[in-house]
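Open the model in your viewer and keep the selection tool handy. We will go from stop to stop, and at each one you will hear what to select and what to look for.

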Amino acid sequence: MTTAQSRALTARATTRRMLMLVTVLLASGTALIGEAVLTYHSATSLPHCASATGMDLQGPKWRTELGLRFHQELVACRADGARTALYATVLCTAGVVVATVLLSRWLPRWRRRKDRLPELYSAQRIVAAVEGGSENDERLAHLARLVQRAELPRDRLPGFVCNPRALSAGAVTFGSVGRYTVCLNVGLLPIRTTKDRSHFDAVVLHELAHVRNRDVDLAYLAIALWRVFLIAVLLPCLALNAALVLHDRLQGAERAYWDGYEPGAKTALLAMVLTALVYVARADILRHRELVADRDAVFEFGSDREVWRKQAESRSAALPRLRLPRFLRNHPTWSERLAEVDNPRSEDKGGTKLQLAVFLVAYVTIIYSVISWLKLDAVPAQTVIYLAYLVGPLIIATGFAVFPRRKARSADQASAARAWMYGVIWLISAFAMNPFANWAQAEDDWVTQASAHLREISDEMNEWRDGPAVSATVKDRAVGWYERGGSAVLGRFDKYLPDGAAGSDAAGARCAALGATVSDALELPVFPDSGAGGKAWKRLLTSTAQAQALQCRAGYDLDAPNEDAMVNLRYSRARSALRQLLPH
Amino acid sequence: MRAMAASVRGIVTPLIAEHVPHERELLEYVQPLDDDGITRLFTRPDSDELLGFGVAEVAGLITPVVWLVVNEFVTRGAGVAADGFFARIRARFSRTPARGTGVAADPVPLTPEQQKAVYQRVYGEACLRGLEEAAAKQLGEAVVARLAMGPSGQ
């Protein structure tokens with residue numbers, strides 16, 4: 001395999017991991033920040049919305065849930081709040097990105113200052129030595145020769161410092177864009193003049209490979225990102241979740257939240273899974289870059305591979321230590337590294353199963369977040385479609401890139417362009433059917449309504465058991481309720497609820513009138529009877545709201561028999577409940 | 001405590017400069033650390049770092065051997081038994097965390113048996129770490145001779 005082929009494979013593997021890391025971060029960051037901001041906003045703004053619209057959130061749970069979904073003013077107020085919260089989410093995400101970049105530039109400086117690392121040679125001296133002026137300093141001349149072997153561009157030549165607190169014969173590289181430092185452990189320095197000189201060369205060339213491959217920028221970005229994620233995303237999200245749960249428990253009251261943004265175990269679990277995902281993606285790319293640096297040091301800079309063999313066979317490598325599983329380690333083991341320099345991969349078999357799993361979870365998280373935002377009306381469906389056009393090719397190309405393949409491809413086969421092409425074709429054909437716009441609605445229609453349907457059947461069975469009719473005595477007891485607006489609202493239901501099939505006649509006018517009637521009915525006190533009367537009132541509101549929502553949504557097909565049947569079934573339930581409640 | 005701590009460096013530096021000159025720069029670069037810090041450096045294993053070469057082991061460094069032997073002699077308490085003295089040295093070479101008494105006291109001069117054991121230890125480890133046999137012998141003898149003079153070198 002030629003050097004160019006090797007580099008092509010390496011670049012492809014790195015691109016795959018970078019795509020995965022970006023996807024995972026996009027998913028985790030937006031999901032967790034969104035979860036925290038929207039939950040907080042939900043807890044604080046919902047009471048204001050309710051009092052502004054005259055809706056009482058302290059009533060029965062079914063009415064609160066119905067109000068949050070179908071009360072027109074409350075839904076509009078919630079959508080306004082959700083939009084504000086979404087802007088805050090975007091701002092927080094941007095803040096996380098800015099904080100990450102700043103931290104990645106600050107961390108190397110802080111490290112050098114904190115460890116008080118004595119300087120061996122500045123980058124300027126290395127430049128001068130490479131250009132022929134080593135001032136009779138044998139060690140400087142040696143390092144300059146190694147820098148030349150690594151063929152580093154002039155603007156990327158590093159300075160060298162020494163770490164007096166590390167005895168192992170190793171080194172480490174740090175820095176930020178254009179200002180790199182190779183830190184040699186104090187235990188490495190004496191080896192340069194002994195028979196283990198090849199070890200010294202291998203260590204320095206490995207570090208110079210990191211500098212040449214820009215791994216320093218990548219690694220410090222990854223470190224900064226991880227720390228910012230922990231401190232600015234995960235911690236606030238968990239703290240807020242815990243505080244709200246504790247507060248609600250201590251208060252003993254059930255607080256209403258936006259649908260899907262209730263704090264609790266679900267949020268904590270989501271946070272844990274996403275954190276593990278970010279860690280795994282980060283460790284995967286860091287481990288890979290170590291193997292690439294080893295390969296470059298041996299095959300491109302001419303390091304002695306015996307150095308790797310000696311380390312793999314050394315006493316410390318054989319010591320039984322408590323080791324993390326491979327997928328959690330930032331650094332490969334010596335045996336993995338030896339295998340890489342002994343048998344460098346010459347074929348591309350796509351990603352690993354772990355990478356595919358990580359990607360799938362990230363993908364599901366993104367879709368879950370988008371559907372949640374759509375359900376809150378926080379973002380117009382059209383905007384989501386535009387965003388999907390932008391982000392979709394990235395997601396789909398990543399999917400193709402990380403999919404494990406049985407049949408290996410040679411290094412010459414250009415697969416990245418093909419993956420992007422598939423991504424774009426997939427995307428165009430998918431969005432021709434407009435799935436995002438319908439997903440949220442479909443999920444809302446079928447999943448929610450299936451469970452609602454089951455509840456209704458259960459309610460009806462109870463009704464048969466309890467006796468179907470609302471007795472005249474109950475109606476007499478509820479005379480106050482009828483007088484304080486109940487009769488008027490029931491009259492409006494009587495006027496606008498269709499008697500037979502819903503049909504298409506004046507559907508638009510009925511949508512508006514029934515929507516307003518449901519909203520007004522939700523502001524009324526609950527029907528003052530826990531028996532048949534209360535149940536009939538609940539059924540009237542629920543069935544009307546559901547039928548109205550189904551019939552009035554965009555894309556409702558009046559002529560489709562299945563949709564028409566669903567709407568009519570609900571209207572007939574509402575009509576039967578209304579008959580029971582109408583005054584004598 | 002300070003005077004006692006300074007004496008480890010004072011004993012080891014000339015020994016290394018004379019017998020293992022290529023390791024002089026190691027002591028030169030650990031100058032910023034105090035003697036306890038250097039002892040910790042020689043006993044505590046390193047860990048993997050991001051973008052590091054990894055924890056690499058080379059059979060080379062002799063300074064830690066000399067340092068730890070001298071350090072044990074200088075910091076051991078008057079009542080420490082000879083077997084405890086060597087047990088702790090052994091523990092340190094095997095990189096197992098081991099703590100000294102924590103109390104500096106006037107060291108007791110080494111008995112002939114202890115001198116022989118120190119010589120064997122330094123000579124054996126130096127050979128194992130790649131020093132030529134003659135040089136290793138000279139180093140072992142020099143260490144024993146220096147310890148026999150006591151911390152102050154009188």
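Select A:Arg214, which lies in the loop between helix H6 (197–212) and H7 of chain A; helices here are DSSP runs of H or I with at least four residues, strands are runs of E with at least two, and both are numbered from the N terminus. This is a predicted model, in which local features need pLDDT of at least 70, side-chain atom pairs count only at pLDDT 80 or more, and totals for chains, interfaces and linings use all residues. Residues are numbered from 1 along each chain as its sequence is written, while chains are lettered from A and ligands numbered from 1 in the order in which they are written.

Most residues other than glycine have a negative phi. A:Arg214 is partly exposed, with 13 other C-beta atoms within 10 Å. Burial is judged from C-beta atoms placed from the backbone: a residue with 20 or more others within 10 Å of its own is buried, one with 12 or fewer is exposed, and those in between are partly exposed.

Now jump to A:Glu151, in the loop between helix H5 (138–149) and E2 of chain A. A:Glu151 is not a glycine, yet has a positive phi of about 50°. Is A:Glu151 buried or exposed? With 10 other C-beta atoms within 10 Å, A:Glu151 is exposed.

**Second stop: the sheet of chain A**

Chain A holds 20 helices and six strands. Select E1, E2, E4 and E3 of chain A, and you have an open sheet of four strands in that order, with mixed pairing; strands pair if DSSP finds at least two bridges between them. Strand E1 (119–121) and E3 of chain A each have a single partner strand and stand at the edges, so one side of each has no neighbour in the sheet. From one strand to the next, the twist averages 30°.

E1(A) and strand E2 (residues 159–163) of chain A run antiparallel and are joined by two bridges. Here A:Glu119 stands opposite A:Val161 in E2(A).

Strand E3 (residues 171–176) of chain A has five of its six residues buried. E3(A) runs antiparallel to strand E4 (residues 179–185) of chain A, with six bridges between them. Look for A:Val172, which stands opposite A:Cys183 in E4(A). The hairpin of E3(A) and E4(A) has two residues between the strands, and A:Gly178 takes a positive phi near 80° there.

Select residues 353–375 of chain A, which form helix H12. From its first C-alpha to its last, H12(A) reaches 33 Å over 23 residues, close to the 33 Å expected at 1.5 Å a residue; that expected span is 1.5 Å times one less than the number of residues. Its buried residues include A:Phe359, A:Ile366 and A:Trp373. Just after H12(A), A:Asp377 takes a positive phi of about 60°.

Which residues touch the most other members of the largest nonpolar core? In this core of 175 residues, they are A:Val24, B:Val66, B:Val70 and B:Val122. Such a core is a set of buried Ala, Val, Leu, Ile, Met, Phe, Trp, Tyr and Cys residues joined through C-beta atoms within 7 Å. Helix H1 (residues 3–53) of chain A gives the largest share, 17 residues.

Where chains A and B meet, the contact takes 40 residues from chain A and 25 residues from chain B; two residues are in contact if their C-beta atoms, placed from the backbone, lie within 7 Å. On the chain B side, the largest share, three residues, comes from H2(B).

The mean pLDDT of chain B is 74. Confidence in chain B is lowest in helix H5 (residues 82–93), at a mean of 56, and highest in helix H7 (residues 133–148), at 89.

Conventions
pLDDT = per-residue confidence, 0-100. Axes fitted to C-alpha atoms, helices over the stretch in contact; angles between N-to-C directions.
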